[in-house]
Amino acid sequence: MIRIKQIFCLFPFLYMGLESHAQSSPKPIGIVDLIDHVTAFSPSLAADSAAVDIRAAQLKETGANALPNLKLNYQADLGSNNNVAGPYMAFGIVPSNSRGVRTESNTQAALTNLGIVSLDWEVYNFGAYKAQNAVAKSELVAERSSFAQRRYQTRAIAIDDYLSLLKLQDMLSIQASNIRRNEQISRSILSLARSGVRPGVDTSIAGAELSKSRLNYIEMDNTYKQVQLDIAAISGLHPESIVADSTILDRLKSLEVNLSVNLTDSSSHPLLDFYKSSYLSSIEKENLVKKAYNPKVSLQAAAWSRGSSIDANDNFNSLSNGLQWQRENYLVGVGISYNLFDLRRRQLKLRTQKASSNFYLKELQQERLMLSNASLQAGLEISTAHKRLEEIPNQLKAAAAGYRQKLSLYKNGLTDIIELNAALNILYRAETDFVNAKYLYVRALFQKAIATNQVDSLLNALK
């Protein structure tokens with residue numbers, strides 16, 4: 001750990017470039033503040049939150065399935081009353097023509113009216129209502145788990161983008177230092193060439209290296225701004241105001257011990273809860289299939305009044321008599337119905353639903369295995385990062401010394417521009433290796449936290 005502390009003490013030296021630019025840069029935003037912005041603003045999370053509201057509304061809608069049907073009907077009809085005896089099977093709506101069986105045909109018009117209040121209530125269906133509500137609740141839980149999963153994934157994406165931004169800031173500082181070194185070499189070569197100590201071709205080579213380093217800076221700056229735009233799209237912040245806080249590196253190294261633990265209880269992991277709740281919802285749907293095809297007990301009742309312009313003696317009176325209610329009736333009954341072929345339907349549908357349950361179970365097992373493997377890989381990467389950070393300072397120190405020696409030898413005419421550029425490239429590679437090692441170290445810490453559901457603990461420790 002002492003070596004790691006020494007390594008992190010070298011971080012400020014990587015930010016010495018572009019001093020004037022640094023003075024005008026916006027105030028860095030901490031990763032905790034960024035995650036808060038992402039949680040509050042992200043458009044995808046807003047859409048997922050609306051989906052949860054839909055499931056909540058569907059739960060209330062399902063709860064109303066047990067309400068009875070209470071219908072009010074009224075009609076007044078003008079037509080003939082000329083019927084014959086004999087049964088028939090209705091096809092759709094068949095007009096009713098009660099009584100009216102006579103020895104002779106009579107097509108004289110008659111006026112009737114009818115008012116009906118009817119009740120149809122499926123009072124008991126052997127648990128189907130309860131199963132419907134259970135499925136609706138499980139779907140609401142699954143939707144909430146999906147929202148939590150998307151939020152967790154969005155936060156993980158924001159963390160990864162933030163660390164990429166931090167790495168690019170380091171790389172820009174290194175590239176700026178490389179530009180200054182190339183400018184220094186170009187000025188020295190120009191002075192030596194004018195005095196005749198160095199050939200003019202060295203100025204061309206130095207100019208090409210300087211131009212290359214400037215182009216590299218332009219490309220890095222473009223990538224840096226692209227990452228700023230990506231973060232802005234999910235956080236609602238202005239792109240130019242998004243600057244990573246480099247002090248996070250010093251604080252993270254003291255938190256690593258808290259992350260070197262086994263995988264936490266997977267039952268509470270947001271990346272697993274969705275698959276678990278989807279599996280449980282599918283099990284509830286299996287139960288609904290079993291209950292949906294059970295017999296149904298219904299309570300039916302009706303009360304009605306009728307009037308007709310035809311009296312009890314089969315006399316066709318004035319049509320106005322048909323507007324008066326003349327008879328009242330009521331009817332109450334309890335019935336049970338069951339379709340024997342529902343046995344086969346239930347068997348087939350239950351088989352399909354069981355296949356869906358098995359699919360969600362396999363997904364849950366796969367995701368649990370992937371998280372466990374990710375945790376192990378992150379732990380291995382942390383261990384490897386320690387070794388990198390212990391060795392890289394030796395490379396950086398030797399490369400810096402080699403460059404200074406080659407520059408001195410070149411100024412004294414004891415080496416050529418090719419060897420000087422080689423020494424400069426070795427120093428540049430050592431600096432970039434150092435940045436990559438820091439990035440991989442910090443990224444491994446967060447990957448460990450994501451895999452073990454400790455992101456909140458890590459972010460709270462950084463506040």
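1. Terms first. A residue is called buried when its relative accessible area is under 20%, exposed when over 50%, and partly exposed in between (1.4 Å probe, protein chains only). Glu143 is buried on this scale, with a relative accessible area of 18%.

2. Source. This is a predicted model: local features need pLDDT of at least 70, side-chain atom pairs count only at pLDDT 80 or more, and totals for chains, interfaces and linings use all residues. Residues are numbered from 1 along each chain as its sequence is written, and side-chain values use heavy atoms, with hydrogens and water left out.

3. Overall make-up. The protein chain has 12 helices and four strands. Helices (H or I, at least four residues) and strands (E, at least two) are DSSP runs, numbered from the N terminus. Of the 463 residues in the protein chain, 37% are buried. The protein chain exposes about 26500 Å², and carbon and sulfur atoms supply 56% of that area. Accessible areas come from the Shrake-Rupley method with a 1.4 Å probe; for residues, only the protein chains shown count as cover.

4. Contacts. A contact means heavy atoms within 4.5 Å. Take the contacts in the protein chain with a separation of 6 or more: residues 24 or more positions apart account for 84% of them.

5. Salt bridges. The structure holds 14 of them. The term means a side-chain nitrogen of Lys or Arg within 4 Å of a carboxyl oxygen of Asp or Glu. In one of them, the side chains of Arg55 and Glu143 meet at 3.5 Å, N to O. Arg55 belongs to helix 4 (residues 43–63) and Glu143 to helix 5, so the pair ties together parts that are 88 residues apart in sequence. Arg55 is partly exposed, at 26% relative accessible area.

6. A second bridge from helix 5. Glu139 forms a salt bridge with Lys285, and their closest N and O atoms are 3.4 Å apart. Glu139 is in helix 5 and Lys285 in helix 9 (residues 270–292), so this pair ties together parts that are 146 residues apart in sequence. Both ends are partly exposed: Glu139 has a relative accessible area of 22%, and Lys285 has 30%.

7. Which residues are linked in a network of salt bridges? Arg55, Glu139, Glu143 and Lys285 are linked in this way.

8. A bridge between helices 10 and 11. Lys406 forms a salt bridge with Glu419; the closest N and O atoms are 2.9 Å apart. Lys406 lies in helix 10 (residues 342–411) and Glu419 in helix 11, so the pair ties together parts that are 13 residues apart in sequence. Lys406 is partly exposed at 25%. Glu419 is also partly exposed, at 37%.

9. Is Asp202 buried or exposed? Asp202 is buried, with a relative accessible area of 5%. Asp202 lies in helix 6 (residues 200–235). Leaving aside neighbours within four places in sequence, Asp202 is in contact with Ile189, Tyr410 and Ile417.

10. Nonpolar patch. Trp121, Val123, Tyr124, Phe126 and Ile336 make a nonpolar surface patch of about 480 Å². Patches are made of residues with over 30% relative accessible area and no salt bridge: like charges are joined within 9 Å, nonpolar side chains (Val, Leu, Ile, Met, Phe, Trp, Tyr) within 5 Å. Strand 2 (residues 109–124) gives the largest share of the patch, three residues. Val123 is in strand 2 and is partly exposed at 38%.

11. Backbone. Most residues other than glycine have a negative phi, and most peptide bonds are trans. Phe126, a member of the patch, has a positive phi, near 60°. Phe126 sits in the loop between strand 2 and helix 5 (128–194) and is partly exposed at 34%. Asn453 also has a positive phi, near 60°. Asn453 lies in the loop between helix 11 (417–451) and helix 12 (455–462). Asn453 is partly exposed, with a relative accessible area of 24%.

12. Rings. The whole structure has three aromatic pairs. One of them joins Phe274 and Tyr275 edge-to-face, at 5.4 Å centre to centre and 70° between the planes. Rings of Phe, Tyr and Trp (its six-membered ring) pair if their centres lie within 6.5 Å; planes under 30 degrees apart count as stacked, over 60 as edge-to-face and the rest as tilted. Phe274 is partly exposed at 22%, whereas Tyr275 is buried at 16%.

13. Charge over a ring. The charged end of Lys438 sits over the ring of Phe434, 5.3 Å from its centre. The rule asks for NZ of Lys or CZ of Arg within 6 Å of the ring centre and within 35 degrees of the ring normal.
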